[in-house]
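Let us read a structure together, one feature at a time. Keep the sequence and the 3D view open as we go.

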Amino acid sequence: MGFPKGFLWGGAVAANQCEGGYLEGGKGLSCADMLKGGSVSKPRMFSPVIEEGVYYPSHQAIDFYHHYKEDIALFGEMGFKCYRLSINWSRIFPNGDDEEPNEEGLKFYDNVFDECKKNGIEPLVTLSHYEIPWAIVTKYHGFRDRKVIDLFVKYATTCFKRYKGKVKYWLTFNEINAALMPGGGAYNGVGYVIEEDLQNTEQRPVNQLIDDPQGRLEALHNEFVASALTVKAGHEIDPDNMIGCMIAHLTVYPATCSPDDMLAAQREDDFFNNICGDMHVRGEYPPFAENIYKSYGVDTSFMHNEEDMKILKEGVVDMYTFSYYMSMTKSAKPAQDETGGNLSFGGKNPYLKATPWGWQIDPEGLRWTLNKLSDRYPHTPLMIVENGMGMIDKKEEDGSVHDGYRIDYLRDHVKQMKLAIDEDNVPLIGYTTWGCIDLVSAGTGEMYKRYGFIYVDRNDDGTGDFSRSRKDSFFWYKKCIESNGEDID
Ligand code: BG6
């Protein structure tokens, strides 16, 4: 009973949200480096050229590039079994299509993985977390060009070979289903990558970049193919590799028990969650996908490429990994009262409370989601690789942070995970909370919205000395891990 032995407790981050050192060690620009800061009411602006004297959050972020030893030691102190991080593609291939990889970039991650090992931590590596070399965006229009499939596989293969024996757990594309949303694929180099936009130096909110559903969905298809080829190559290089997808799971409830609302919620779940899940776990488009794509006026012939279909079947993932933050409701009518999120929006649920950013808190929804996933993908190991609470934290003079609200949020989710394992027999293998150390918010670019167990002295106006301190949640999570999820009150 309870969490299985060897359960992967830990935390998660992404390179562009924590590393900084954006041009150090031979790194090239990545698309995330072109995004300015925003807030809950001010969208992040995208600029096709870096403007002098302007604050771009990823450029320094929390300076993990120079603090990694200290940070990983703190994760070790908490007892992490697993640390999810991403490799910045543009550190390894600064232009995306370079002949040879950048040795300094490869060495940086060698050092990071060695540090993990020293602290008894298993790395879980995302190959592309909302990040793609900027040169691939300008030269190839991101994944719209099928050449980028090969470039990605070359990058992934370089990492598999170099880190063989150091890294066993891998994810291909972070929240790949973001590309289904208009503008949502921007971080993956998809969707906004068309001539007019690149030539227009005027800044635009990232969620209002020119959208082209045909290009965006074809590019997503190319990412599926790249992911499957990567899984296949990863297994050939090291049969011990466990490679997963990464889906932003949007848990949707019908707004009422009206049959129309039931169907609307089902349609949303199929569209946002199940297309991408099926592509990775079953290696095929589900039957409803084509008509959904056609409803956007998309020519769907790319969905019938026989060679691709074979690749997809041969490259199914070893585990289904996903992010879970909230749930929302769906009605057949337009929602009256919308709730927030960084990718999609739905109706408010009167039974749930929300964070100041409007993210509805729903621990039971996590149990529901785990059950849905183990029904849909029987015997596929599941892993929650993001879950957490973005809040405004106050650091006291002695460096402490009393974040009882975060402990409550995490404890309630851990309880539901335990019920899903004990009562429902869900094959859950791990849990990495999001933003185990404060970092830049992907949605708003803020530091003000904090997720970590570790407070980082860095602010949105660029002030702060980057010092780290332990929040109350740090000690709570340490206890949780030590007791394998038993001592959480
Ligand atoms: C997920 C992303 O969507 O949510 C992360 O994978 C992101 O990169 C996280 O940081 C939390 O969202 P936000 O907008 O609060 O940073």
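## Reading charges, the ligand and the backbone

Q: How exposed is Asp489?

A: First, a caution: this model is predicted. Now the residue. Asp489 is exposed, because its relative accessible area is 64%, and the cut-off for exposed is over 50%.

Q: Which residue does Asp489 meet in a salt bridge?

A: Start with the general idea. Side chains of opposite charge can pair when their charged atoms come close. Here the side chain of Asp489 meets that of Arg411, with 3.6 Å from N to O. The pair links distant parts of the chain, 78 residues apart. Arg411 sits in helix H14, while Asp489 is in the segment after helix H15 (472-482).

Q: Is Arg411 buried or exposed?

A: Arg411 is buried, with a relative accessible area of 16%. Read both ends of a pair before you describe it.

Q: How many salt bridges does the structure hold?

A: The structure holds 37 salt bridges. Let us look at some of them. Lys232 and Glu314 meet through their side chains, at 3.2 Å from N to O. Lys232 is in helix H9 (residues 213-237) and Glu314 is in helix H12 (residues 306-314). They are 82 residues apart, so this pair also links distant parts of the chain.

Q: What are the relative accessible areas of Lys232 and Glu314?

A: Lys232 has 33%, so it is partly exposed. Glu314 has 37%, so it is partly exposed too.

Q: Which residue forms a salt bridge with Arg367?

A: Asp424 does. The closest N and O atoms of Arg367 and Asp424 are 2.8 Å apart. Arg367 lies in helix H13, and Asp424 lies in the loop between helix H14 (404-422) and S14. The two are 57 residues apart. Arg367 is partly exposed, with a relative accessible area of 22%. Asp424 is partly exposed as well, at 22%.

Q: Which residues are linked in a network of salt bridges?

A: A network joins several charged residues. Here Asp393, Asp403, Arg406, Asp438, Arg450 and Lys471 are linked in this way.

Q: What is the nearest side chain of opposite charge to Lys449, and how far away is it?

A: Check the distance before you call anything a pair. The nearest side chain of opposite charge is Glu446, 6.0 Å away. A salt bridge needs the atoms within 4 Å. Lys449 has no salt bridge, yet it is buried.

Q: Where is Lys449, and which residues is it in contact with?

A: Lys449 is in the loop between strand S14 (428-434) and strand S15 (454-456). Now leave aside its neighbours within four places in sequence. Lys449 is then in contact with Trp357, Trp359, Gly390, Met391, Leu439 and Ser441.

Q: How many residues surround the ligand?

A: 15 residues surround the ligand. Lys449 is among the closest, along with Glu175, Ala442, Gly443 and Tyr451.

Q: Which atom of Ala442 lies 2.7 Å from an oxygen atom of the ligand?

A: For Ala442, it is a backbone N or O atom. For His129, a polar side-chain atom lies 2.8 Å from an oxygen atom of the ligand. For Asn174, an N or O atom in the side chain is 3.0 Å from a ligand oxygen. Then look at the cover. Taken alone, the ligand exposes 380 Å², and the protein buries 99% of that.

Q: What is the phi of Asp63?

A: The general idea comes first. Most residues other than glycine have a negative phi. Asp63 has a positive phi of about 60°, although it is not a glycine. Asp63 is in the loop between helix H2 (57-60) and helix H3 (64-78). At 13% relative accessibility, Asp63 counts as buried.

Q: Where does His379 lie, and is it buried or exposed?

A: His379 lies in the loop between helix H13 (363-376) and strand S13 (382-386). His379 is exposed, with a relative accessible area of 78%. Its phi is near 65°, a positive value in a residue other than glycine.

Q: Which residues is Ser227 in contact with, leaving aside its neighbours within four places in sequence?

A: They are Thr172, Phe173 and His280. Ser227 is found in helix H9. At 1% relative accessibility, Ser227 counts as buried.

Notes: Residues are numbered from 1 along each chain as its sequence is written. This is a predicted model: local features need pLDDT of at least 70, side-chain atom pairs count only at pLDDT 80 or more; totals for chains, interfaces and linings use all residues. Side-chain values use heavy atoms; hydrogens and water are left out. Helices (H or I, at least four residues) and strands (E, at least two) are DSSP runs, numbered from the N terminus. Buried means under 20% relative accessible area, exposed over 50%, partly exposed in between (1.4 Å probe, protein chains only). Lys and Arg count as positive and Asp and Glu as negative; His and the chain ends are not counted. Contact means heavy atoms within 4.5 Å. A residue is near a molecule or strand if one of its heavy atoms lies within 4 Å of it. A polar contact is a pair of N or O atoms within 3.5 Å; within protein, one must be able to donate a hydrogen and the other to accept it, and residues adjacent in sequence count only if both atoms are side-chain atoms. Accessible areas come from the Shrake-Rupley method with a 1.4 Å probe; for residues, only the protein chains shown count as cover.
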